[in-house]
Amino acid sequence: LAGKLDHATQVAEEMLVVARQAGQTDFLCRALIRLANLAIFTQTLETAVACLKEAVQTASQENHLRELAEAEWWTAQLTQHQYNLPAAKIHSSRALELARQLEMPELVASAQNSLGYACLLTGEFSAAILQMEQAQNYYVETGNRALEADCLTAVGGALVFQGRAREAIGL
C-alpha cells in the first residue's frame, strides 16, 4: 500500500456508499472489512472496531455466512493484538466453525492459527498445540512455508512451556 493508502481508502469508502445505496448487504460487509483492514494498517483502531462490529452484525442478520466468517476472523486478529484474549478465542472459534461449515480450508487454517495463538497466550498449551498442528498440516499441503514455520514455532513454544523442551528441539 506504499503511497496508495489514500486511494485504497477512497475506493473502499466508495464501495461502502454504493453498497448502502443499492442495499447489497453482502457487498456492504466486504466493504466494511476492507475499511477495517485499512484502519488496522493505519492504527485507527476505533474505526476498525466499528467497521468489524457492523460487518459482523450485518452479516449475521442477513445470513451472509462467508462474510460473517471473514469478519469474525478479522475481529479475532484485532482483539488478539489488543490482548483481549477471551474475545480472540471466541471470534476465532466462530470463524473456525463457519469456515468448516462453508468448506473454506484457507480460513479454517487461519482461524486455527489464531485460536492456537490465543490458547498459547492464555496458557492452554495442549489446545494451542492441537490447533497449530492442524493449521500446519494445511500449510504443508499448500506449500506455505512461512505459515508452516509460524505454526511450528508456536508448537515449539507450547512444548517448552509444558516442560517438553527436548521434544520441541526435535521439531
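Predicted model: local features only at pLDDT ≥ 70, side-chain atom pairs only at ≥ 80, totals over all residues.
Residues are numbered from 1 along each chain as its sequence is written, and side-chain values use heavy atoms, with hydrogens and water left out. Local features need pLDDT of at least 70 and side-chain atom pairs count only at pLDDT 80 or more, whereas totals for chains, interfaces and linings use all residues.

Helices here are DSSP runs (H or I, at least four residues), numbered from the N terminus. Helix H5 (residues 85–101) packs against helix H6 (residues 105–121) at an angle of about 155 degrees, with the axes 8 Å apart; axes are lines fitted to C-alpha atoms over the stretch in contact, and angles run from 0 to 180 degrees between N-to-C directions. H5 and H6 are therefore roughly antiparallel (over 145 degrees). Residues of H5 including Leu85, Ala88 and Leu96 meet residues of H6 including Leu107, Val108 and Leu115.

Ser110 lies in H6 and is buried, with a relative accessible area of 16% (buried means under 20%, with a 1.4 Å probe and protein chains only). Leaving aside neighbours within four places in sequence, Ser110 is in contact (heavy atoms within 4.5 Å) with Trp73 and Tyr139. Between Ser110 and Leu96, 14 residues apart in sequence, the C-alpha to C-alpha distance is 8.2 Å.

H6 also contributes to the cover of the buried residues of helix H8, as do helix H7 (125–142) and helix H9 (165–169). Among the buried residues of H8 are Glu148, Cys151 and Leu159. Just after H8, Gly163 adopts a positive phi of about 80 degrees.

Technical notes: Helix = DSSP H or I, 4+ residues; strand = E, 2+ residues; numbered from the N terminus. Parallel < 35°, antiparallel > 145°, perpendicular 65-115°, else oblique. Buried < 20%, exposed > 50% of the residue type's maximum accessible area, 1.4 Å probe, protein only.
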